[in-house]
Amino acid sequence: MTSTDKSQARSRRIQGLDAEQRRARRREQILAAAFELIAAEGYVNTAIEQICQTAFVGNKAFYELFDSKEDCYLALLQQQSERAQDMVAAALAESSGDRDDVVGAVIGAFAHSMVDDPRVAKVTFGEASGISAKVEQQRRANRRWAAQFLETLWSEYGFVPSEGIGVDLHALAVSAIGGLFETVADWLHTDAGATGEVDVLIRDLTAFIKIVHLGLVAAALRSAG
């Protein structure tokens, strides 16, 4: 190997990482810094320069990955949404399949994904609303995914009769997801939320979704009659 070849090999790998791996690591550093700063200072009060300083990267590295602070925040929202999705999916996979167990597993995972780290709620609930149309679109897309997940759950685990019940299930699922998120937001402003008593939140979320399921049963009975 010539000296030129050796130099090129060294340039391709730094600290054992190739260019793509270094890029991925910088992205994670930037998102972690944005998460910390936005949770502490808010979106408006967090500057790109602060994010870069906290992440130990240059402004040039930031703009190689994100077009703007808004673009970075959108990626952060998506990252947190995917983390919550993974937690819920894992809990569902580990459940017994019994309907009550499924509800408990899914609701428990959802609650813990939202409130175990107080920064998650601050970044997603406290900041997402009102930043921009693009951020609102992302927030709505995340909720539509959650609604679709709920619809699938209702169908696969028999919460919904196989025959039509005269209810727009998608619209109901969207409303139910909105109710679940609003319950979390309200809990965060209670004494239980301040002390981190997540069991209270899980109780309230479970009660809400069970009422929705009772409504589905009532709709089925009315349709059958």
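A salt bridge here is a side-chain nitrogen of Lys or Arg within 4 Å of a carboxyl oxygen of Asp or Glu. Glu-70 and Lys-134 meet that cut-off, because their closest N and O atoms are 3.9 Å apart. Please keep in mind that this is a predicted model.

**Salt bridges**
- The search of the whole structure turns up 6 salt bridges.

**Packing of α8 and α9**
- Helix α8 spans residues 133-156 and helix α9 spans residues 169-187; their axes come within 8 Å and cross at roughly 115 degrees.
- The crossing of these two helices, α8 and α9, is right-handed.
- On the α8 side, the contact includes Arg-143, Leu-150, Glu-151 and Trp-154, while α9 brings, among others, His-170, Val-174, Gly-178 and Phe-181.
- Sorted by class, the contact of α8 with α9 has 11 nonpolar, 2 polar and 2 charged residues.

**The largest pocket**
- The volume of the largest pocket is about 600 Å³.
- This pocket is lined by 32 residues, and the closest to its centre are Phe-110, Met-114, Ala-146, Ile-177 and Phe-181.
- Among these central residues, Ala-146 of α8 and Ile-177 and Phe-181 of α9 also belong to the contact between the two helices.
- At least two lining residues come from each of α5, α6, α7, α8, α9 and α11, and α8 gives the most, with 8.
- The lining of the largest pocket comprises 21 nonpolar, 8 polar and 3 charged residues.

Notes
Residues are numbered from 1 along each chain as its sequence is written. This is a predicted model: local features need pLDDT of at least 70, side-chain atom pairs count only at pLDDT 80 or more; totals for chains, interfaces and linings use all residues. Side-chain values use heavy atoms; hydrogens and water are left out. Axes are lines fitted to C-alpha atoms, for helices over the stretch in contact, and angles run from 0 to 180 degrees between N-to-C directions. Helices (H or I, at least four residues) and strands (E, at least two) are DSSP runs, numbered from the N terminus. A crossing is left-handed if the near helix is turned anticlockwise from the far one by less than a right angle, and right-handed if clockwise. Contact means heavy atoms within 4.5 Å. Ala, Val, Leu, Ile, Met, Phe, Trp, Tyr, Cys and Pro count as nonpolar, Asp, Glu, Lys and Arg as charged, and the others, Gly among them, as polar. On a 1 Å grid over the protein atoms alone, a cavity is a set of points where a 1.4 Å probe fits but cannot get out, and a pocket is an open set with protein on both sides within 12 Å along at least five of seven lines; lining residues have an atom within 4 Å of a point. Grid points are joined across faces, edges and corners, and a volume is the space filled by probe spheres set on the points.
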